[in-house]
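Hello,

Here is the structure I promised to pass on to you. Have a look at it first, and then read my notes below.

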Amino acid sequence: MGKGGEASDPIAAGNLQDDAAYTPFLQDSFDATEFASNALAGSHTTAQAQTRMLQDRIQGLQLSLREEVLHRRPEVLQQAAQLRDSETAMQGINLAVETVQSALQRAKALIMEPYSQLQLEAQQLRNLHSTVEMLRHVIQRLKLVAKLKQQIDTKSGGYQDLAKSAKLLADIDTIGSEADLAGIDVIEADSEFLHSTWQDVQGQAEVALQRGIETLSQAEVGSALQVYFNLGLLRKAVSDLLDHHTRQFGSSIKDILDPKKLSVGAGSPASTPEGSRPGHGHATTKWQEHLWQKLGVLMERLRVSIVAVWHMQRVLAKKRDPLTHVLFIDECLDEKSPMPSEHLWTSLTTLLMEGLAVAAAPVKGGFIREALTTQYPRLAALLEEIFRRVVHDTDVKGVMPAVTAEQQAELIDTAAPFQNAYLGASLTRMSDAVTAAFPGTSRTLTSSAELQKCIARMHDEVRVVADSPRLSALTAKTVGKALQLMAEKAEYMTFAGPEMRQVGGPSSSGQQRNMRLCSQLQEVHRSLLTLLPRLQPPAAAALMAPLQAVQAVAIEAVMPIFKAMVEAAEEIILRLHIEGFADGGQQGMTQASAYMQALITHLTHCRAEYLSQFHPAPSPQVPSFVSALTERMACRVLVFFVRHASLVRPLSNEGKLRLAKDMGELEAGVGQSVYPLDHLGLPFNMLRAFRRLLFLDTAEVMGSPLVRELPAIVVLHHLYSRAPAELQSPHVRQSFTPAQVNTTAGLTLPCQTRVSVLLCNRSSSGQRVPMDALCVLWLSLLGTLAANTAL
């Protein structure tokens, strides 16, 4: 068998693995029962045949295993020898380990006894140390309690030094927090005494703080704060004081602004239907006065609270603990926390805003809402006055005030609903008055009584709030809106049409309407303008633009009339160019020229039909729109006459006398019918200077002071009247008519062109005109004036 095994193929075992008959037996999930069932079910042989086949395969497998073992015999023998050597080595190691374990057992027995002794003694030491520490805390606490008892005055029951007593109490409390002394009889015996003493010291500190705040005593407040600091309750004391004032103020607001409680306090039973809204007459006055009395008390409480907290804050900001040198304000406030007075101010104004908002509600407010709305100026004055008093009471040099100017808006804004309602009602009242005085669509103007009511309403609205700069400015803006409405309605009422420029006959109904409308607007403007100096600058500034709008509408209403009167006067003045002043004329020296008589008649007609229709009549003593327009009209007539009188050519001596006579008549006509001459200023001086210039010799013109009173162009044109006939006037050379001389077309020539035209000494044919000595003198004067005078 051995030889057969040696002769067998060593790869037979590997071939068995590749044999399909052995493959099912190599699977991990092989199940004998399932294999037998499948073999019997899938084969056509008997069970005995299948059994013999499996036995043959088992014998083949055993044969293959025997051959594999014989093939690897040297390796197996070598592994067996190595295993025997390993067992020998393990026996040596076990012996060494047993030796080490025996040594460790002996060492443990030697060390354990002293270790247990040390552990016991350490525990004893810890217990001894804890006992000593507890005794030390007990002794220290007993000493502090003894010192505390020494601070108590047996006769009065008070404390010799309240701050020191507070410090002793705080130290005793610190000892209690450092060590658990519960259960010690000597400690338990003092517990009730310490508790009552703590409450007593804290109560006395509270009383001292309240008394110091009421009397504004910095020393007493500082002592009380020192007690709180020593007790470790400084932050809590400050917070409690702020909460106390806040709760007290909030409770007062609810009581004062409750219609039922207010009516009960005023003597009106709240249970009756009339209790929520008092009646008229004496009862109404009584509850209103009761309301304002309560509001005054409320504002006084606000002031007292703010000043009290500010006084405490003042002490906190400069007092330090004598032992730690900690500043009290740093101890009770965080880095980003507001100052106590600022915090309280914000809290109180918030409560006041919420309370007034409830009172302003249409349903909940009741009669309080109506009273505070109609008398808002009184409420605003109350708020402003209490703020002023707070500022005054806390204005101390070197100390931060309780409130700043910016915080006044916060206090005023608490009554914003009533302010808006009051201003809205004020605007409604003035708008109704404006609509009654200026209907806008009606073609008939209202009576003077309605106008005076409108003016009186505006004056009343401004006068009621005159003491308050802020409210004056707001009311002035409201008055401005009413004036803007007036300007719009008056503009709708203005008559416009061609007849507005017809001034030759009696004044038309449209002209009379516009003149009366202008007078009414002028009366409103004048009345309010006299009010401006008595108003604050912001209020006056708010009224300026609306008054200017009223003025613009008033002027626009009558401007066509004045323009037509001036144009008609200018057309009459232009007739002097056809009068002829080369000789004495047909009228001689005893009467004015025909054009001047027509001009005087025109001015008299303007006075009778137009200027006299205004109320008040145009006069320097009563400044008005119409006075300004009339003054401009008079100035225009005088200036226009002087300009064209300087163009008259030829002008003889008799013609100068006639022209001087006409100027005298013009002075009388303008002064009597249009405007007083002594208030016309430069135009009147021009007229008189030109009349005297007429009779000066040409050689005297240059040195005469009259030249400085007249425009250069007037002097130059007049000098042309003294030049030879061959030297044409500038407007003649430019083919301008006299009417074009004063128009834009005659004044748009460049300056150099105008000077060259004036200095030209050529005739119309283009040939140079021979000049005698007079002409040379005239041209030299002309050149000097042209060079030194802006044309």
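**What I found**

Setting aside neighbours within four places in sequence, Met 458 is in contact with Met 430, Val 434, Val 479, Ala 482, Leu 483, Met 486 and Leu 528. Please keep in mind that this is a predicted model.

Met 458 belongs to the largest nonpolar core, which has 97 residues. Met 458, Leu 483, Phe 641, Val 670 and Phe 690 are the residues with the most contacts inside this core. Helix H21 (residues 537-573) gives the most to it, with 18 residues. There is also a second, separate core of 86 residues, which includes Ala 205, Ala 224, Ile 253 and Ala 415.

Helix H23 (residues 625-645) is worth a look too: 16 of its 21 residues are buried, so the rest of the structure largely encloses this helix.

Now to the charged side chains. The whole structure holds 22 salt bridges. In one of them, Arg 429 pairs with Glu 461, with the closest N and O atoms 2.8 Å apart. Arg 429 lies in helix H17 (residues 416-437) and Glu 461 in helix H18 (residues 448-464), so the pair ties together parts that are 32 residues apart in sequence. Arg 429 is partly exposed, at 32% relative accessible area, whereas Glu 461 is buried, at 2%.

Another salt bridge joins Arg 636 and Glu 570 (2.6 Å, N to O). This pair links helix H23 with helix H21, across 66 residues.

Finally, on the surface, Leu 110, Ile 111, Met 112 and Tyr 115 form a nonpolar patch with about 460 Å² of accessible area together. Ile 111 is exposed, at 55%, and lies in helix H5 (residues 73-151).

Best wishes

Technical notes. Residues numbered from 1 in each chain as written. Predicted model: local features only at pLDDT ≥ 70, side-chain atom pairs only at ≥ 80, totals over all residues. Heavy atoms only, no water. Core = buried A, V, L, I, M, F, W, Y, C linked by side-chain atoms within 4.5 Å. Buried < 20%, exposed > 50% of the residue type's maximum accessible area, 1.4 Å probe, protein only. Helix = DSSP H or I, 4+ residues; strand = E, 2+ residues; numbered from the N terminus. Contact = heavy atoms within 4.5 Å. Patch = residues over 30% accessible without salt bridge, like charges linked within 9 Å, V, L, I, M, F, W, Y side chains within 5 Å. Areas by Shrake-Rupley, 256 points an atom, 1.4 Å probe, with all protein chains shown as cover. Salt bridge = Lys/Arg side-chain N within 4 Å of Asp/Glu carboxyl O.
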